[in-house]
Amino acid sequence: MSAVLFFIAAIVAIAGALGVVMLRNPFYSVLALVCHLVALAALFLLLRAEFVAAAQVVVYAGAVMVLYVFVVAYVGGTDVSAGRLTGGAERPSGALRVLAPLFGLAIAVELCIALLGTALRGISGKGAPYVLGFGTPEQIGTEFLTRYLFPFEAASLLLLVAAVGAVVLARRRRGLEPDEEPVGRPRSRPAYTGTMAEVAGLLSPGRAQRADWAAASADAQAERDRRAPEPTAPAPVAAAAPEDGR
Amino acid sequence: MAIGWYLAVSAIIFCIGAVGVLVRPNPLVILLCLELMLNAANLALIAFSRMWGGPDGQVFALIVMVVAACEVTVGLGLIVAIYRRRLAIDVDELNELRG
Amino acid sequence: MSTTTWGWLILAMPLAGTLAIALGWRLWRGTAAGWIGSLAIALAFAASIGALISLLSHPADHRQLTSALWSYDFTIGVDAKLSILVDPLSVFMALVVSGVSTLIHVYSVSYLDSDRGFNRYFAYLNYFVFSMLLLVLAGNFVLLIVGWAFVGAASYLLISFWYRRRTATAAGIKAFVINVLGDVGLVLGTFFILRRTGTVDFLRVFALAPHLFEHNSTDLVAGCLLLLVGAFAKSAQVPLHTWLPDAMEGPTPVSALIHAATMVTAGVYLIARMHPLFEIATTAADVGAIVGCLTLLIAATIALVQTDIKRVIAYSTMSQIGYMVMGVSVGAYSAGLFHLMTHAFFKALLFMGAGSIIGAMGGEQSLDRMRGFRRAMPFTFLCFLVGGLALSGIPPFSGWLSKDDILAYLDDRGGGFVILGIAGYVGALLTGMYTFRMIFRAFFGEPCEEARELQAGHLHHPETPYNPATGESEDTDVGFPGPEHHIAERDWRMALPMSLLALCALVGGLIQIPGVDDVVSRFLAPSFAGSRLYGLHGSTGTEWVGLIVGALVGLCGVTIAYRVWLARPQTAPQLQERLAPVHRFLSNKWYFDELIDALVVRPAQWLGRFAGTVLEQGVIGGGVTGGTAGAVRAASAAVRRAQTGFLRWYAALMVLGLSAMALYFLISAA
């Protein structure tokens, strides 16, 4: 009975994994992963790890994947298939389409050799005798609060850091999006001091940069009105460029 | 079932995940494949925990889950930020640091 | 006061003079610097006389005295000391040098009166005298080399004194380069000698030499030949002579002092001082004699066709020094040095006279333009006559006694030296010819325009000053000669030294008349104690025969000159036409300049260009540094290709690495 369940769960898990890799639409990939995770939870149950299975469904499939769904919905997930070249620079896609399965196969083969070869001869296939309370929340909880207290606390700290980091990364910058105006107030630095921030356009843009943006918005305007862009844009940039050099 | 079967499944899932990382250009999907690899590792841990009869593997697996969650959070935050800057969501386009 | 203290005083005076003039060059107004310089050298002359008297108070075999101020033993590992050697030879040289220098300083005060570089000139001239005295008083090789080099530097500074004239600066460089070649020879020669003797001190080397070297040993011959290279460069012997005629670009007093009386005699002094070594390495001595002989003939022939009055006198100097070199190389030490002394007198006199007549011509130096100055400049004419007769070896002038002393010695030595003696007589004939050619052309005949002006009482000045060699016009500011010209008839500062020198040229020979007195040989004997050649004399009778032959030969030369250039003046152009190739050969100075240009200068320039372009830019720039840089750049470029920026590429590499590691573990576990 358990063998049958095992095979069903395993096949579903593997199918889900394949779906993640091969489905075009990232949304479908997410859903395939959810399916995979549930199958994995079933496998955990077969291994008598009740709590972990529950945690897997509730936390992983339930929370993390929901987060994923939200992001995929927001970002939109372009339909980029593996290996499509969108022009320009060299891409590894072409070569990787061929090589990646090979690499994967290589690792699979090695693992199989490791598994089926020498590594598991010493392991009894049946596992240890079942002890009541194995895999229960009580046991896991006790372990977390006694032997593995430090990793527990470290993990919570990690969660805090991740949460703060996520907020910082994804927060909306003040100002308008289309023009990508800089973060915060421009600091009192002289123009063209050559800081990286300046080059990235984040700090104290000079006249040239503002002219650039003005030109860009003027360009956008012109495209809408189908008029030629202002000629002033290249000149200040060109005039400023030699100054920039020294 | 013998432990070996579980480990074999874990190995297969891991390799599928590795191939997925290499093949898909969408960073979201790459993160998903990373999740696959982590899950494969979790399965192996649980299997061994069952084999030895101790809870250590399960504890480890739970911690791995926590780490995976954090990583997903930060990764998705990055992708959102990239999306906000109007850059393509394609790791081949994102091959240069700016500044 | 001890003799060596007098020696240090001889050195200290011109040094003080140089420093005073040089450090205060802005202070001295008018001709003050000139008088300070003259005073300094006059004091040096007085100190030389003091040294002489003090030296004579010692017994004859104790007349080689050294004194050291401090020693450099412990720094350079050789027993070099700041030491002087006061002995008859050095005192003799010091007397000649300081005496003639004093007179030339006084003459220069007049000659360079209006020159803007007056103070600079006297600083240089005092520095030169100091260097020359250092050279002759040096007690070891190291100080000799120092003095040698200083003298070369002073010569360069003074030849290029009018530094805005390109001809002058080119001449200065030429002189300096050839002098440096001589310096190299001198230093290498010193090294050869030092290697075997282990000491640089003169007296110790001379004491050790007979024991260390056997006759004509290769080491010593090589060393002496290298010393000869130095001597030839300094004394303008063939083939290192090409700088001397060009050195006439310097002011005339400079030519008088450096290139007639003193610096060019340094080579003669060197050979005389090193006589113990040359007497062992007779091959080297023979080389010296032959070169001296060749020089005296070649220079005399060239002097016959020169048109620049100063160059005639320059080639005459070269020729006479050839006599001296020949003399001291074969062992006629006292005769050679006696000729050095008398030559200093009459050659300086001739140059001073030339300066006077050039002044009358307003800076023009060409014999083609000078004519008939006899009545306009009687004093200068008289001086020229005295100098010319002394140079040609006409009795009773000093040149006769000294030059023929050398030739008599050669005849006495016999064997191959007789050939040298005969060559010497031929040279004497030529000497008479060219000397009186110069005098007849300049002073006789129809007076030229400048002479007529002078007879009327007006000294000629050109409207725009110009370079006499090229004719380019120049101004009279710093770096060019001043606007005024002086002549001896009008300026006592020229007339007084010339008179004194004329007197010395007349009676200076009387101190060494064979059979009557031999002041010079007896005085110099202690320096040459131990020489096996010094005392060789024929009998008085044979010497007088030689003297009479010499006098006749000289008179013959004078007569020929009279016939060709005075009695029938059209003879000279006719001869020039008929013997045109010979004339061309001689006017081009036997093509030595062209030869040296082809053999030395062009290869050196080629080497420089080659090193500059091929070696420097190609091999080192392109190959070594460029190659290293290129290799590094290529390596980095190759490595840089791994930085693609593509995430999946990096991931693939990681997977590859992982599988490789797993493979390794699998294999090692198997």
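At what angle do the axes of helix α15 and helix α18 of chain C cross? The points below take that up, then turn to the chain contacts.

1. Ground rules. This is a predicted model, where local features need pLDDT of at least 70, side-chain atom pairs count only at pLDDT 80 or more, and totals for chains, interfaces and linings use all residues. Residues are numbered from 1 along each chain as its sequence is written, while chains are lettered from A and ligands numbered from 1 in the order in which they are written.

2. The helix pair. In chain C, α15 (residues 309–330) and α18 (residues 398–413) have axes that come within 10 Å and cross at roughly 40 degrees. Axes are lines fitted to C-alpha atoms, for helices over the stretch in contact, with angles from 0 to 180 degrees between N-to-C directions. Helices here are DSSP runs (H or I, at least four residues), numbered from the N terminus.

3. Residues between them. From α15(C) come Tyr323(C), Gly327(C) and Val330(C). They meet Lys403(C), Ile406(C), Tyr409(C), Leu410(C) and Arg413(C) of α18(C). Contact means C-beta atoms, placed from the backbone, within 7 Å.

4. Chain B against chain A. Here 66 residues of chain B contact 78 residues of chain A. On the chain B side, the elements giving two or more residues are α1 (3–23), α2 (27–52) and α3 (56–84). The largest share, 21 residues, comes from α3(B).

5. Chain C against chain A. This contact takes 12 residues from chain C and 11 residues from chain A.

Conventions:
Contact = placed C-beta atoms within 7 Å.
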